[in-house]
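Here is a short tour of one model, meant to be read with the viewer open.

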Amino acid sequence: QVQLVESGGGLVQAGESLRLSCAASGSISSINTMGWYRQTPGKQRELVATITGAGRTNYADFVKGRFTLSRDNAKKTVYLQMNNLKPEDTAVYYCYGLIYSSYLGHYWGQGTQVTVSS
């Protein structure tokens, strides 16, 4: 079984920063891609950023220049540094992993709330 455990959400004011962390654990053979999605009530979950094992990143246009995704392969952990946060960044942020355990599967964390006040 594979688990993704998130941390780092919270309440901040506009313009401030937060860092989210997500650690993968369990019976893992290899990790392909990890990253973050977010969701607000009534809307579909949307991509924030992903990173491959080789370090190639992909960012949504609305976070480019503000968010940075990094990965520590030894710790099986990804970090999302979020700077210059805006009220529209308020959402539940979900960690995502494309991970090979006994098979290649899609895994999700439980979600962490990020609230940005104006």
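Which backbone oxygen lies 2.9 Å from a polar atom of the side chain of threonine 77? Keep in mind that this is a predicted model. The oxygen in question belongs to lysine 75.

Threonine 77 is part of strand S8. Its relative accessible area is 9%, and because buried means under 20%, threonine 77 counts as buried. Leaving out residues up to four places away in sequence, threonine 77 touches Cys22, Ala23, Ser70, Arg71 and Asp72.

**The sheet around S8**

Strand S8 belongs to an open sheet of four strands, arranged in the order S1-S3-S8-S7 with antiparallel pairing. S1 and S7 are the edge strands, each pairing on one side only. On average, neighbouring strands of this sheet are turned by 15 degrees against each other, with direction ignored. At the S1 end, six bridges join S1 and S3 in the antiparallel sense.

**The disulfide**

Cysteine 22, one of the residues that threonine 77 touches, also takes part in a disulfide with cysteine 95, where the S to S distance is 2.0 Å. The model has one disulfide by count. This pair links distant parts of the chain, with cysteine 22 in strand S3 (residues 18–26) and cysteine 95 in strand S9 (residues 91–100), 73 residues apart. The torsion about the S-S bond is about -85 degrees, so the disulfide is left-handed.

| Residue | Relative accessible area | Class |
|---|---|---|
| Cysteine 22 | 0% | buried |
| Cysteine 95 | 0% | buried |
| Threonine 77 | 9% | buried |

**The nonpolar core**

Which residues have the most contacts inside the largest nonpolar core? They are Trp36, Leu80, Met82 and Tyr93, in a core of 30 residues. Among the elements that give two or more residues to this core are S1, S3, S7 and S8, along with S9 and strands S4 (30–39), S5 (46–52) and S11 (112–117).

Setting aside neighbours within four places in sequence, its contacts include Trp36, Leu80 and Met82. Tyrosine 93 is also in contact with Glu6, Leu20, Tyr37, Arg38, Val48 and Phe67, as well as Gly111, Thr112 and Val114.

Conventions:
Residues are numbered from 1 along each chain as its sequence is written. This is a predicted model: local features need pLDDT of at least 70, side-chain atom pairs count only at pLDDT 80 or more; totals for chains, interfaces and linings use all residues. Side-chain values use heavy atoms; hydrogens and water are left out. A disulfide is a pair of cysteine sulfur atoms within 2.5 Å. Buried means under 20% relative accessible area, exposed over 50%, partly exposed in between (1.4 Å probe, protein chains only). A nonpolar core is a set of buried Ala, Val, Leu, Ile, Met, Phe, Trp, Tyr and Cys residues joined through side-chain atoms within 4.5 Å. Contact means heavy atoms within 4.5 Å. A polar contact is a pair of N or O atoms within 3.5 Å; within protein, one must be able to donate a hydrogen and the other to accept it, and residues adjacent in sequence count only if both atoms are side-chain atoms. Two strands pair if DSSP finds at least two bridges between them. Axes are lines fitted to C-alpha atoms, for helices over the stretch in contact, and angles run from 0 to 180 degrees between N-to-C directions.
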